[in-house]
Amino acid sequence: MIGQPGSGRAQWSSGFVFLLALVGTTVGLGNIWRFPYLAGQHGGGAFLLLYAFCVLVVALPLMVAELAIGRHGRRGPYGSIRRLVTAEARPASWRALGLAAVIGGLLLLSGYSVVGGWSLAYVFRSASGVFDGVDALQAAEVFRALTADPERLLAWHTVFMAVTVVVVGRGLRDGVEAAIRWFVPALTLTLVGLVAFAWGRPGFEQAWAFLFRPDFSQVGPEALLAALGHAFFSLSIGMGALMAFGAYASAGQALIPTALAVVVLDTLLAVLAGLAVFPLVFEAGLPPESGPGLLFQSLPLAFGSLPGGRYLATLFFAMLALAAWTSAFAMLEPAVASLAERPRMDRAQAGSIAGLLAWALGLVPLLSFNVLADNGLATGQGGLFELYNLVTTGVLLPAVGLATALFAGWVVRADTWRLELRSPALYPVWLLLIRFVTPVAMALVFLQASGLLGPLADWKSL
């Protein structure tokens, strides 16, 4: 493995592969259903402009900060933070930030693997013709039967996690990079093919208007909070993945332009997902509601009414599984990289330990749809799943993001980042944003995601 002189650490084989890895990290399940829905709900093209603003002034600076922390430390998130804390002579308590990022990635992966398992299950259901000619009740029953069966869910959760562990455990070049080289192009080509099919469908014009027709009357505090939240979560910030992948970047890689390219590609793929999904949804006369119901109930119903829908559905859910895996590799990497730095532990062992822990944690959200459905901790189908998701994405990840912004902007010396980023024109802008704009915006994301900002979000009632 090739690394920095004297570091002995692996590196991405090229800047292009590093870019592919970051795109795979950011393009996940949420991009395929949540971003298009948010755009349509909050003013179409007007929301896209607002989202672009939030990405550039809030999420992008934080993304660059995480990548820079990883490359500067040349370790996993915990090791990189520890090195910076020691070098800068800062309080040792800041080391907890790296540990929190690793824990956040594992917790997110544990629930993500359950949904990834749904995608795998639907590949085989689609291929076998289960959705051919189904009605709304039948499509809903297929999903209910899957989530109500703990043995089936456990099997798919295990398969999804096993592939993730094998890939990450094989190392950077032979594992993660080899998979990324195939998965991301395959995902992209499949998405383009689905858009090409949807182009001539009757619902395409309605989907285009839903996504792109500007409606500035829908832009207000609620839309701003939605744009801020999605800008944060869509770029995989706060889970240690960017720090872990940044540790493998070459010294000559320009981090700010690379991050900007990732943002553009991530948004483009999310828009393509909307143009692939919503024409079929509108053609079938289905509501474009947000959430897993769109992917696992509405879309199978739409595919089932189309000639050749069986093959289209199989292709779509295979693409969904690829998107889930590319993000899952990044979620597991921080824990594996951190464990592999310990004496007498190789990546295969680290991957097995981290993967087994994430798999075990995933039993909580998995069983929330069946065995633990009436646990009393939360109400409704998957109530405990929603509570688990709230703790992870509503509390831990935004808190890590906020702490990272403060750490990069105020704890580490500015000269450290000036030398690391080596972008004389862009560095002053980045420093200004990471110090004064990003922390405030991240505080809003934390308050919104944790539900503490709910009463202020309903701007129309004011």
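Where does A89 lie? A89 lies in the loop between α4 (77–87) and α5 (95–127), where helices (H or I, at least four residues) and strands (E, at least two) are DSSP runs numbered from the N terminus. The structure is a predicted model in which local features need pLDDT of at least 70 and side-chain atom pairs count only at pLDDT 80 or more, whereas totals for chains, interfaces and linings use all residues. Residues are numbered from 1 along each chain as its sequence is written, and side-chain values use heavy atoms, with hydrogens and water left out.

**Loop residues with positive phi**

The phi angle of A89 is near 55°, a positive value in a residue other than glycine. A89 has a relative accessible area of 66% and is therefore exposed; buried means under 20% relative accessible area, exposed over 50%, and partly exposed in between (1.4 Å probe, protein chains only). S236, in the loop between α10 and α11, also has a positive phi for a residue other than glycine, near 60°. With a relative accessible area of 5%, S236 is buried.

**The nonpolar core**

The largest nonpolar core holds 162 residues, and W12, W118, F296, F316, F407, W417 and W430 touch the most other members. Such a core is a set of buried Ala, Val, Leu, Ile, Met, Phe, Trp, Tyr and Cys residues joined through side-chain atoms within 4.5 Å. Helix α14 (residues 309–340) supplies the largest share of this core, with 19 residues. Apart from residues up to four places away in sequence, F407 touches I69, I81, L84, V85, W94, L97 and V412, contact meaning heavy atoms within 4.5 Å.

**Packing of α8 against α14**

Two packed helices are described by the angle between their axes and the distance between the axes. The axes of α8 (residues 172–199) and α14 come within 9 Å and cross at roughly 145°. These axes are lines fitted to C-alpha atoms, for helices over the stretch in contact, and angles run from 0 to 180 degrees between N-to-C directions. The crossing is left-handed, a term used if the near helix is turned anticlockwise from the far one by less than a right angle, with right-handed used if clockwise.

On the α8 side, the residues that meet α14 include V176, I180, F183, L187 and L191; on the α14 side they include L315, F316, M319, W325 and E333. The residues of this contact divide into 18 nonpolar, two polar and one charged. Here Ala, Val, Leu, Ile, Met, Phe, Trp, Tyr, Cys and Pro count as nonpolar, Asp, Glu, Lys and Arg as charged, and the others, Gly among them, as polar.

W325 of α14 is buried, with a relative accessible area of 11%. Leaving aside neighbours within four places in sequence, W325 is in contact with L120, F160, V163, T164 and F183. W325 and F124 are 201 residues apart in sequence and 17 Å apart in space, C-alpha to C-alpha.

**Aromatic pairs**

The structure holds 30 aromatic pairs. Rings of Phe, Tyr and Trp (its six-membered ring) pair if their centres lie within 6.5 Å; planes under 30 degrees apart count as stacked, over 60 as edge-to-face and the rest as tilted. Two of these pairs are set out below.

| Pair | Centre to centre | Angle between planes | Class |
|---|---|---|---|
| W12 and Y248 | 5.9 Å | 90° | edge-to-face |
| F210 and F278 | 5.2 Å | 50° | tilted |

W12 lies in the segment before α1 (15–26) and Y248 in the loop between α11 (241–246) and α12, so this pair ties together parts that are 236 residues apart in sequence. Both W12 and Y248 are buried. F210 lies in helix α9 (residues 204–212) and F278 in helix α12, so their pair ties together parts that are 68 residues apart in sequence. F210 counts as buried at 19% relative accessibility, and F278 is buried at 0%. A single aromatic cluster is formed by W118, Y122, F131, F143, F296, F303, F316, F317 and F369.

The buried residues of α9 are F204, A207, A209, F210 and L211. Their cover includes α2 (29–41), α3 (45–73), α8 and α12. In α12 (residues 255–283) lies T258, which counts as buried at 8% relative accessibility. Not counting residues up to four places away in sequence, T258 touches F18, L19, L22 and Q253.

L224 is located in α10 (residues 221–234) and counts as partly exposed at 32% relative accessibility. Not counting residues up to four places away in sequence, L224 touches L50 and C54.
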